[in-house]
Amino acid sequence: MAVAARKSAGRKAGEGNAPRLLADEAIAKDAQALSEQLKAMRERLYPPASMKSLRAFSSGEAAKLIGVSDGYLRQLSLAGEGPQPDTGAGGRRFYSLADINALRVHLAEQATAKGNAVKAKGYLPHRNAEDGEHLQVISVTNFKGGSGKTTSAVHLAQYLALSGHRVLAIDLDPQASLSALFGYQPELDLTGNDTLYGAIRYDGDKRPLSEVIRNTYFPGLDLVPGNIELQEFEHVTPQALTRRQGGEDVGPLFFARIQAALQTVEADYDVVVIDCPPQLGYLTLAALCASTSVIVTVHPQMLDVASMNQFLFMTSDLLSVVREAGGTLNFDFLRYLVTRFEPNDGPQAQIVGFMRSLFGDRVLTAPMLKSTAVSDAGLTKQTLYEVGRENFTRATYDRAVEAMNAVNGEVAELIRTAWNR
Ligand SMILES: Nc1ncnc2c1ncn2[C@@H]1O[C@H](COP(=O)(O)OP(=O)(O)O)[C@@H](O)[C@H]1O
Ligand SMILES: [Mg+2]
């Protein structure tokens with residue numbers, strides 16, 4: 001519809017002037033060329049089906065993820081208990097994440113049989129709704145682009161999946177960077193009504209969220225991909241509000257729609273991680289209203305901090321409007337996460353100190369360090385948890401993974417606290 005309108009407005013190159021580019025055609029041509037190149041690149045990177053897959057984990061890594069010793073894993077494998085690892089060169093044993101999860105189930109069942117419920121939960125951290133362990137919905141947000149939202153969201157979602165949680169990642173950004181990291185090229189892989197918009201729209205094309213959720217190559221981690229159609233929510237919400245005022249039933253108000261959609265799949269997950277768009281529109285507000293917790297990513301530079309200040313003022317204003325309209329906003333936690341931090345940069349260190357003195361405990365203790373391991377992995381649409389250590393200078397890789405684990409470990413602890421564990 002919008003496209004048709006733009007076409008009928010058809011500007012022609014001025015007569016007598018040098019031929020001018022038709023902006024829409026030129027941009028469309030560039031987009032097409034870029035799309036084809038990206039597709040070719042994906043086919044080179046992830047042959048043969050041009051789909052991503054997850055690497056196998058060494059027995060040492062697997063043992064650490066499960067929380068047992070490597071020796072104990074070997075013992076299990078020798079005794080023929082649980083899934084058997086693949087054996088590589090030199091007798092090295094490798095486990096897929098699916099194997100690791102099967103081992104978790106096996107060990108948790110053993111612990112339960114021995115009456116040790118705490119130990120069982122240590123192996124298999126799934127929440128128990130009957131004990132009041134509610135679904136955690138964590139929005140990663142800030143209206144500043146480049147503040148590290150997508151990087152933080154994807155690593156948090158993967159960390160939680162690697163540690164045995166059932167995770168749903170939602171790409172709420174029309175720019176779809178999170179989906180790209182999961183191997184999606186939105187204009188090729190999504191045909192329409194495939195994003196969260198499909199499950200929160202106001203018209204008859206609304207679909208159940210379960211139809212929009214996709215499995216990923218990461219066992220235990222599902223995805224709701226994003227693309228430009230999410231933007232429709234910003235356009236149609238004002239119309240829906242008007243129709244509602246006219247007495248029409250349009251279903252829940254905008255801020256309750258993500259929450260309503262999530263309620264339909266709640267039983268399948270422990271944690272939902274939402275990668276928010278870099279703007280404070282209806283999508284972000286609906287995400288915040290669906291959230292049990294919020295992480296605000298901040299790159300410690302003066303301009304970014306000033307912009308975050310605007311973000312906080314606007315958010316609190318808008319949320320108070322939502323509250324007056326009947327929205328509920330009770331967060332288990334709200335934390336600022338320092339991103340792309342360079343500890344040796346004086347001004348950055350000063351800004352972080354300033355934030356800590358202002359916000360105290362609400363700034364996560366661990367900052368995410370700036371690292372070439374993160375940006376290099378990103379070049380091949382991978383995360384720190386996907387790339388192998390062998391692809392990097394060991395010290396660089398270890399330092400980055402350690403910093404990322406420290407951040408995510410803190411968030412995991414906050415989740416456990418929210419579950420009263
Ligand atoms: N810790 C880090 N070290 C190095 N580069 C990073 C780090 N975190 C993010 N980046 C890079 O910064 C850019 C912006 O990050 P991103 O997570 O996409 O921000 P946002 O989602 O807020 O726009 C990306 O190119 C990403 O690879
Ligand atoms: Mg992003």
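This is a predicted model: local features need pLDDT of at least 70, side-chain atom pairs count only at pLDDT 80 or more; totals for chains, interfaces and linings use all residues.
Q: Which residues does Ser 35 touch, not counting residues up to four places away in sequence?
A: Residues are numbered from 1 along each chain as its sequence is written, and chains are lettered from A and ligands numbered from 1 in the order in which they are written. Ser 35 lies in helix 2 (residues 23-45), where helices are DSSP runs of H or I of at least four residues and strands are runs of E of at least two, each numbered from the N terminus. Counting as contact any heavy atoms within 4.5 Å, Ser 35 touches Gln 185, Glu 187 and Leu 188.

Q: What is the relative accessible area of Ser 35?
A: Buried means under 20% relative accessible area, exposed over 50% and partly exposed in between, with a 1.4 Å probe and protein chains only. Ser 35 in helix 2 is buried, as its relative accessible area is 7%.

Q: How many helices and strands does the protein chain have, and what is its radius of gyration?
A: The secondary structure of the protein chain comes to 18 helices and 10 strands. The radius of gyration is taken over C-alpha atoms, and the globule rule is 2.2 Å times the number of residues to the power 0.38. That rule gives 22 Å for 421 residues, so the protein chain is as compact as a globular protein of that length, with a radius of gyration of 23 Å.

Q: In what order do the seven strands of the open sheet lie?
A: Two strands pair if DSSP finds at least two bridges between them. The pairing in this sheet is mixed, and its order is 6-7-5-8-4-9-10.

Q: Why is strand 5 described as largely enclosed by the rest of the structure, and how many of its residues are buried?
A: Strand 5 (residues 167-171) runs parallel to strand 7 (residues 221-224) over four bridges, with Ala 169 opposite Leu 223, and it runs parallel to strand 8 over five bridges, where Ile 170 has Ile 274 as its bridge partner. In a regular strand the side chains alternate between the two faces of the sheet. Here Val 167, Ala 169 and Asp 171 point one way and Leu 168 and Ile 170 the other way, and all are buried. Strand 5 is therefore largely enclosed, the buried count being five of the five residues.

Q: Which helix carries the chain from strand 9 to strand 10?
A: Strand 9 (residues 293-298) pairs in the parallel sense with strand 10 over six bridges, and Val 294 stands opposite Leu 334. The β-α-β crossover between them is right-handed, meaning that, with the strands pointing away from the viewer, the path from the first strand over the helix to the second runs clockwise. The helix crossed is helix 15 (residues 302-324).

Q: At what angle does helix 18 run to strand 10?
A: Strand 10 (residues 333-338) is mostly covered, with five of its six residues buried, and helix 18 (residues 394-418) lies across strand 4 (136-141), strand 8 (271-275), strand 9 and strand 10. Axes are lines fitted to C-alpha atoms, for helices over the stretch in contact, and angles run from 0 to 180 degrees between N-to-C directions. On that basis, helix 18 runs to strand 10 at about 175°.

Notes
Side-chain values use heavy atoms; hydrogens and water are left out.
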